[in-house]
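Reader: Could you walk me through how to read a few features of a model like the one below? I'd like the general idea each time, and then the case at hand.

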Amino acid sequence: MMAGTDPSDSNPAPGMGAPGKILVSACLLGANVRYNAIPCGAVAPILAQWLGEGRVVPVCPEVAGGLPTPRPAAEISGGDGRRVWLGQARVMTTAGDDVSRAFQAGAQAALALVRSHGIRIAVLKARSPSCGNAQIYDGSFSATRIDGMGVTAALLAEHGVAVFNEDELEQADALLRRLERG
């Protein structure tokens with residue numbers, strides 16, 4: 001169990017209603033929330049379909065945690081998001097500011113959305129210090145990637161949410177359909 005989580009509430013999110021909701025990084029939906037205020041590009045067809053079906057619950061954990069747009073780039077120093085929750089790593093900006101608490105607050109806000117909507121699937125921004133689900137940057141600001149999860153992705157995974165990134169939309173959609181078939 002990660003530090004900062006409620007051990008009495010570690011069960012997966014409740015079953016999905018109809019239609020099943022999906023937590024999606026707001027930047028992947030075209031919202032101007034990225035650290036550098038540069039949009040991600042066009043909304044992917046699967047995301048557009050889910051939007052049309054009323055499935056999407058958007059979130060930007062960094063903005064939800066109180067950080068502005070634009071903001072200094074940040075990376076996890078000393079590990080990944082799991083280690084941030086354990087107090088063994090920190091989220092640092094290029095200016096040297098520790099923004100770990102804001103990242104944790106944003107992750108808690110994302111978890112609150114998951115709980116309130118019965119969400120079991122999230123599609124989050126790849127390689128983000130908040131949202132990365134498989135790789136993140138190593139904290140050196142040298143574009144070096146390491147295996148690991150961001151702060152929000154780690155918390156959601158700890159609570160039973162299947163976390164995908166924008167390159168795994170087909171897998172996320174396949175899981176959604178399987179869950180809905182029962």
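Predicted model: local features only at pLDDT ≥ 70, side-chain atom pairs only at ≥ 80, totals over all residues.

Reader: Where in the fold is N133 placed?

Author: N133 sits in the loop between β5 (121-124) and β6 (135-137).

Reader: Which partners does the side chain of N133 reach?

Author: For a polar side chain, look for N or O atoms within 3.5 Å. The side chain of N133 comes to 3.1 Å from the backbone oxygen of V163. There is also a side-chain to side-chain polar contact with N165, at 2.9 Å.

Reader: And which residues is N133 in contact with, leaving aside its neighbours within four places in sequence?

Author: The list is G148, M149, A153, V163, F164, N165 and E168.

Reader: Let's turn to G132. Is G132 buried or exposed?

Author: Buried: G132 has a relative accessibility of 0%. Like N133, G132 belongs to the loop between β5 and β6. Not counting residues up to four places away in sequence, G132 touches K125, A126, R127, G148, M149, G150 and A153.

Reader: Since you mention H159, where does H159 lie, and which side chain does it make a polar contact with?

Author: H159 is in the loop between α5 (151-158) and β8 (162-165). With 3% relative accessibility, H159 counts as buried. The side chain of H159 makes a polar contact of 3.5 Å with the side chain of R115.

Reader: Now salt bridges, please. How many does a search of the whole structure find?

Author: The search finds seven. The test is a side-chain nitrogen of Lys or Arg within 4 Å of a carboxyl oxygen of Asp or Glu. One of them joins E53 and R177, at 3.7 Å from N to O. E53 lies in the loop between α1 and β2 (56-59) and R177 in helix α6, so this pair ties together parts that are 124 residues apart in sequence. Both partners are partly exposed, E53 at 32% and R177 at 22%.

Reader: What about R55 and E180?

Author: Their side chains meet in a salt bridge too, at 2.6 Å, N to O. This pair links distant parts of the chain, with R55 in the loop between α1 and β2 and E180 in helix α6, 125 residues apart. R55 is buried, at 6% relative accessible area, while E180 is partly exposed, at 35%.

Reader: Why can two residues of one helix pair up?

Author: An α-helix has 3.6 residues a turn, so residues three or four places apart point the same way. Here, D173 and R177 are four residues apart in helix α6, so about one helical turn separates them. Their side chains form a salt bridge at 3.1 Å, N to O. D173 is buried, with a relative accessible area of 16%. Put together, E53, R55, D173, R177 and E180 are linked in a network of salt bridges.

Reader: How do the axes of α1 and α6 cross?

Author: For a helix pair, read the distance and the angle together. The axes of α1 (residues 45-52) and α6 (residues 169-181) come within 9 Å and cross at roughly 35°. From α1, the contact uses I46, L47, Q49 and W50; from α6, it uses L169, E170, A172, D173, L176 and R177. By class, that contact has six nonpolar, one polar and three charged residues.

Reader: One last check: what should the 18 residues of helix α4 span?

Author: At 1.5 Å a residue, α4 (residues 100-117) should span 26 Å, and its end C-alpha atoms are 26 Å apart, which agrees. Its buried residues include F103, A107, L111 and V114. After α4 comes G118, with a positive phi near 65°.

Terms used:
Residues numbered from 1 in each chain as written. Heavy atoms only, no water. Axes fitted to C-alpha atoms, helices over the stretch in contact; angles between N-to-C directions. Helix = DSSP H or I, 4+ residues; strand = E, 2+ residues; numbered from the N terminus. Contact = heavy atoms within 4.5 Å. Nonpolar A, V, L, I, M, F, W, Y, C, P; charged D, E, K, R; others polar. Polar contact = N/O pair within 3.5 Å; in protein donor to acceptor, adjacent residues only side chain to side chain. Buried < 20%, exposed > 50% of the residue type's maximum accessible area, 1.4 Å probe, protein only. Expected span 1.5 Å × (residues − 1).
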